[in-house]
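Hi everyone, thanks for coming. Let's take a look at this one together, and then I'll walk you through it.

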Amino acid sequence: MIDQPRAIDQAAVLAALDTVRDPELDEPVTALGFVSSCTVSADGDVQVRLRLPTYFCAPNFAFLMVADAFDAVSRVNGVRHAEVVLDDHFASEEINRGVAARAGFVQSFDGLAEAELDTLRSDFIRKAVLAGTDRVCRPLLADGRTPEELAGLTLADAPPSADRTRLQERRAELGLPSSPESPLLVDAVTGAAVAAAALPLHLGRARLTRVNIEANAGVCRGMLQHRYRTRGEGEMEEVR
């Protein structure tokens, strides 16, 4: 008996795209409205079209998102062929061609790029760790915990929340301590526990990083809405 290919639907593909993040904003491309269309054939051929807030968005960020989207969609059970297309971007041709050929960033931008994007990705995940630290610690401080008390807490001591889970996931991506027994506050580079004396500076950096990321996300959403005035596939909020 010949095995029949497993039928897939748009929901399965969009669920995969939910795992693809804007590297700078640390939010899913679906939630940001970057997925302009997602089509799935009965035979398992998938095409995803992406859009960005401006024509001149950084090509390294754009390449990461297109490549990550291609990988995520390709892993969906039942997908026979995946195509991810970036529209309305000055480097669309290079990015689309490079991702389709499974070429790296350097080869895709031959003579223009000096290195692959692993270091850039890690740098942004470290910023996500700092921002997540602020999101988890602010409620504790608001409840009366002192910075010195935070120095003795573990991740498990923070109340369960989506922000705590997200922080653990980002730390795990970098190989930083991420088990429930790990210190709540760690250096985003070394993974060492942050000493009480260094807490004010660490928490200040965490807060500034969060504010900066959230402000950039707001700007990007506004620019995307102004540019297209349509809701993206998988986007939860209606465009006004």
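**Starting from one residue**

Let's begin with Glu27, which, leaving aside neighbours within four places in sequence, is in contact with Val20, Arg21, Asp22, Leu32, Arg166, Ala217 and Arg221. Contact here means heavy atoms within 4.5 Å. Glu27 sits in strand 2, residues 27-28; helices (H or I, at least four residues) and strands (E, at least two) are DSSP runs, numbered from the N terminus. Is Glu27 buried or exposed? Glu27 counts as buried, at 19% relative accessibility. The cut-offs are under 20% relative accessible area for buried, over 50% for exposed, and partly exposed in between, with a 1.4 Å probe and protein chains only.

A quick word on what we're looking at: this is a predicted model, where local features need pLDDT of at least 70 and side-chain atom pairs count only at pLDDT 80 or more, while totals for chains, interfaces and linings use all residues. Residues are numbered from 1 along each chain as its sequence is written, and side-chain values use heavy atoms, with hydrogens and water left out.

Okay, salt bridges. By that I mean a side-chain nitrogen of Lys or Arg within 4 Å of a carboxyl oxygen of Asp or Glu. How many salt bridges does the structure hold? There are 17 salt bridges. Take Arg21, from Glu27's contact list: Arg21 pairs with Glu173, with the closest N and O atoms 3.2 Å apart. That pair links distant parts of the chain, since Arg21 is in strand 1 (residues 21-22) and Glu173 in helix 7 (residues 162-173), 152 residues apart. Arg21 is partly exposed at 21%, and Glu173 is partly exposed at 40%. Both belong to a network of salt bridges that also includes Asp26, Arg166, Glu169 and Arg170.

Next pair: Asp45 and Arg80, whose closest N and O atoms are 2.6 Å apart in a salt bridge. Asp45 is in strand 4 and Arg80 in the loop between helix 2 and strand 5, so this bridge ties together parts 35 residues apart in sequence. Asp45 is partly exposed, at 24%, while Arg80 is exposed, at 57%.

Now for the inside. A nonpolar core is a set of buried Ala, Val, Leu, Ile, Met, Phe, Trp, Tyr and Cys residues joined through side-chain atoms within 4.5 Å. The largest one has 44 residues, and those with the most contacts inside it include Val13, Phe63 and Ile95. Among the elements giving two or more residues to this core are helix 1 (10-17), strand 3 (35-40) and helix 8 (199-228). Which helix gives the most? That's helix 2, with eleven residues. Ile95, not counting residues up to four places away, touches Pro59, Ala62, Phe63, Val66, Leu86, His89 and Phe109. Apart from this core lies another, of 17 residues, Leu155 and Leu203 among them.

Phe90 lies in the loop between strand 5 and helix 3 and is partly exposed, at 37%.
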